[in-house]
Amino acid sequence: MCPWHARRKLYQHVGNFVGSVDSPILANIFAHQVLDTWFEAVVKRHCRGQVALYRYADDAVICCQDTRDAERILRALRQRLATYHLRLNEEKTRLVPFATQAARRGEPQGAFEFLGFIFYWGRSRKGVAIPKVKTSGKRLRTKLTRVKEWVRTVKDTVRLPILWNTFCAKLRGHIHYYGVSFNLAHVRRFLHRATRILWKWLNRRSQRRSMNWDQFHRFLKTHPLPRAKMYHALF
């Protein structure tokens, strides 16, 4: 079997590995061949303005200086994926106006989601239009649901010191990822809601309520949780 047919056979059956430990590796190999190399070797040479591809696993954002380039790339991308028996997620794929000069002229601009963040245009302290990010509402709800499921699962099987240390580690992971410029308010919101969920389920470790919220708040003073902090400055 020639290398081309070998790759094509792999692409046709890669779906069988979805959900396995091999899935992320195969997805990146697949996306690199189908998207990354094609974009660098073909797309950039046929564009009027500057273009850039930002991809993580199967999520990607393509930035185009010229609107016509964006429209042509979108059409070509559908054809490219169809060659490999793939298709775009049309619900998530769209053209979004996101131009610096247009935003500063006051023209309406769009917003888009990428890697758990919403990218949008806001104002600096001096009133200048600048790009900002905030935690995606969908991602926030998903992570809070996972906190609830985790606490409910381990509350009766893990000793409190171990549970508390693990919870703190989970919060630190969230802060390190989402601690980006302009997003601290959303990080604090997650920390507060996650802590409320923990308190609620810890009170279900026995039939009688362990402590009310004020008592729990005093407990936090002696066993502090990680605080919101900016780890990634955009400007």
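Which residues of H7 are buried? In this predicted model, the list includes His186, Val187, Phe190, Leu191, Ala194 and Thr195, and it continues with Ile197, Leu198, Trp199, Trp201 and Leu202. Helix H7 itself has 19 residues and reaches 27 Å from its first C-alpha to its last, close to the 27 Å expected at 1.5 Å a residue. Its buried residues pack against strand S5 and against helices H5, H6 and H8.

Of the 235 residues in the chain, 33% are buried. The accessible surface comes to about 15,900 Å², and 53% of this belongs to carbon and sulfur atoms. Contacts across the sequence are also worth a look: among those between residues at least 6 apart, 50% join residues at least 24 apart.

Helix H5 is one of the partners of H7, and it shows how a helix can have two faces. Residues 137-154 form this helix of 18 residues, which reaches 26 Å from its first C-alpha to its last, close to the 26 Å expected at 1.5 Å a residue. Buried here are Leu140, Leu144, Val147, Trp150, Val151 and Val154. Seen down the axis of H5, these buried residues fall within an arc of 120°, so they line one face of the helix. They pack against strand S5 (129-135), helix H6 (160-178) and helix H7 (184-202). The face turned away from this buried side carries the exposed residues Lys138, Arg141, Arg146 and Thr153.

Is Ser136 buried or exposed? With a relative accessible area of 1%, Ser136 is buried, because buried means under 20%. Leaving aside residues up to four places away in sequence, Ser136 touches Glu113, Gly116, Phe117 and Ile118.

Two residues draw attention through their backbone angles. Most residues other than glycine have a negative phi. Ala57, although not a glycine, has a positive phi of about 55°. It sits in the loop between strand S1 (51-56) and strand S2 (59-64), and at 24% relative accessibility it counts as partly exposed. Along the chain, Ala57 is 25 residues from His32, and the C-alpha atoms of the two are separated by 9.2 Å. His32 belongs to helix H2 (residues 23-43) and is partly exposed, with a relative accessible area of 43%. Not counting residues up to four places away in sequence, His32 touches Thr37 and Arg55.

Phe182 is found in the loop between H6 and H7 and is partly exposed, its relative accessible area being 34%. What does Phe182 make together with Leu234 and Phe235? The three residues make a nonpolar surface patch of about 320 Å². Phe235 lies in the segment after helix H8 (213-222) and is exposed, with a relative accessible area of 64%.

Charged residues complete the picture. Side chains of opposite charge can pair when their charged atoms come close. The structure holds seven salt bridges, and three of them are described here. In one, the side chains of Asp66 and Arg68 meet at 3.1 Å, N to O; Asp66 counts as buried at 16% relative accessibility, whereas Arg68 counts as partly exposed at 45%.

Another salt bridge joins Arg72 to Asp69, with the closest N and O atoms 3.8 Å apart. Both residues lie in helix H3 (residues 67-83), three residues apart, which is about one turn of the helix. Asp69 is buried, with a relative accessible area of 0%, while Arg72 is partly exposed, with 37%.

How far apart are the closest N and O atoms in the salt bridge of Glu90 with Arg78? They are 3.0 Å apart. This pair links distant parts of the chain, twelve residues apart: Glu90 is in the loop between H3 and helix H4 (100-104), and Arg78 is in helix H3. Glu90 counts as partly exposed at 43% relative accessibility, and Arg78 counts as partly exposed at 34%.

Methods:
Residues are numbered from 1 along each chain as its sequence is written. This is a predicted model: local features need pLDDT of at least 70, side-chain atom pairs count only at pLDDT 80 or more; totals for chains, interfaces and linings use all residues. Side-chain values use heavy atoms; hydrogens and water are left out. Patches are made of residues with over 30% relative accessible area and no salt bridge: like charges are joined within 9 Å, nonpolar side chains (Val, Leu, Ile, Met, Phe, Trp, Tyr) within 5 Å. Accessible areas come from the Shrake-Rupley method with a 1.4 Å probe; for residues, only the protein chains shown count as cover. A salt bridge is a side-chain nitrogen of Lys or Arg within 4 Å of a carboxyl oxygen of Asp or Glu. Helices (H or I, at least four residues) and strands (E, at least two) are DSSP runs, numbered from the N terminus. Buried means under 20% relative accessible area, exposed over 50%, partly exposed in between (1.4 Å probe, protein chains only). The expected span of a helix is 1.5 Å times one less than its number of residues. The arc is that of the directions from the helix axis to the C-beta atoms. Contact means heavy atoms within 4.5 Å.
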